[in-house]
Amino acid sequence: MKILFIGDVQGQANVEKLKDIVPELRISEKIEFVIINGENSADGNGITPHSANLLFSKAGADIITTGNHAFKRKEMDTMFNDRAEVLRPANYGEHCPGKGVHIIDFGYCGICVVNIMGTQFMPPCDNPFRNMDIILEQIDTKNIIVDFHAEATAEKKAMAYYLSGRVSAVVGTHTHVQTADEQIIDGHTAFITDVGMVGGVDSVIGADKKVVDVFVDYYPQKHIYAGGKSTFNAVLLDIDTATGKANSIKRINKFLVK
């Protein structure tokens with residue numbers, strides 16, 4: 001099965017830009033399943049029911065994952081509870097809205113997506129490694145895609161080795177810069193440190209360049225997404241659904257001008 005995993009989408013303008021490229025990729029690459037990290041899809045940061053619905057309707061998402069901005073907008077609480085295809089990191093407290101795991105049944109196979117968050121340089125959350133052990137005990141499919149939303153590259157690679165042979169892919173998100181280290185670990189598990197983003201080329205990881213002032217004078221800036229030409233970062237996964245093994249992982253890096 002061909003699975004497209006799209007990196008963190010920055011703001012509504014970039015959500016809109018997906019409506020052209022994703023349908024084209026579905027046809028040209030014979031993609032059957034689309035996962036999008038949407039935790040920055042709302043203007044002003046975070047995710048809202050409106051931006052999530054746009055990711056489903058315009059970008060063709062089958063599953064939306066999030067991260068440390070999952071609960072930035074309180075209006076998302078109901079959607080996390082009511083829409084199983086919108087995930088928040090599974091290692092948040094058990095009383096938080098929503099779930100971090102969802103399985104879609106294709107009839108001939110099931111595809112499970114797990115959203116988990118790192119602990120290094122990130123907000124407090126439960127141990128992601130121990131949480132993955134518990135989660136995997138409860139999953140009855142071999143086809144498992146993990147969105148590991150984490151800051152530290154070492155933690156991401158460690159998770160990939162920890163899950164090697166037990167999941168189909170570990171795809172890193174959060175840092176918004178696509179890395180060039182895609183590989184298949186132990187002939188089974190696809191991995192990339194960070195898939196990247198869908199965001200402004202002329203930006204600071206998607207934000208307007210005014211954010212530079214934060215580093216120069218420590219003066220807080222309103223979060224405004226950069227306009228103009230955008231980069232589209234994703235990975236294309238080819239999974240053998242009979243075994244759960246990844247056959248290949250390919251980076252996609254395109255420019256979106258419209």
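Residues are numbered from 1 along each chain as its sequence is written. Because the model is predicted, local features need pLDDT of at least 70 and side-chain atom pairs count only at pLDDT 80 or more, while totals for chains, interfaces and linings use all residues, and side-chain values use heavy atoms, with hydrogens and water left out.

**Colour by confidence.** The protein chain averages a pLDDT (the predictor's confidence in each residue, from 0 to 100) of 96, and 100% of the residues score at least 70.

**Select helix α4, residues 128-137.** Seven of its 10 residues are buried, so α4 is largely enclosed by the rest of the structure; buried means under 20% relative accessible area, exposed over 50% and partly exposed in between, with a 1.4 Å probe and protein chains only. Those buried are Pro128, Phe129, Asn131, Met132, Asp133, Ile135 and Leu136, and their cover includes β5 (101-105), β6 (110-117), β7 (144-149) and α5 (153-163). At the start of α4, look for the side-chain oxygen of Asn127 that comes within 2.8 Å of the backbone nitrogen of Phe129.

**Select Ile6, Leu18, Ile36, Leu55 and Phe232.** Within the largest nonpolar core, which has 30 residues, these five touch the most other members; such a core is a set of buried Ala, Val, Leu, Ile, Met, Phe, Trp, Tyr and Cys residues joined through side-chain atoms within 4.5 Å. Elements that each supply at least two residues of this core include β1 (2-6), α2 (49-57) and β12 (230-240), while the largest share, five residues, comes from α1. Apart from this core lies another, of 22 residues, among them Ile35, Ile111, Val171 and Ile249.

**Select Asp8, in strand β2 (residues 8-9).** Asp8 is buried yet has no salt bridge, and the nearest side chain of opposite charge, Lys156, is 7.9 Å away; a salt bridge is a side-chain nitrogen of Lys or Arg within 4 Å of a carboxyl oxygen of Asp or Glu. Lys and Arg count as positive and Asp and Glu as negative, with His and the chain ends not counted.

**Finish at Val170, in strand β8.** Val170 counts as buried because its relative accessibility is 1%, and its C-alpha atom is separated by 9.4 Å from that of Val114, 56 residues apart along the chain.

Terms used
Helix = DSSP H or I, 4+ residues; strand = E, 2+ residues; numbered from the N terminus. Contact = heavy atoms within 4.5 Å. Polar contact = N/O pair within 3.5 Å; in protein donor to acceptor, adjacent residues only side chain to side chain.
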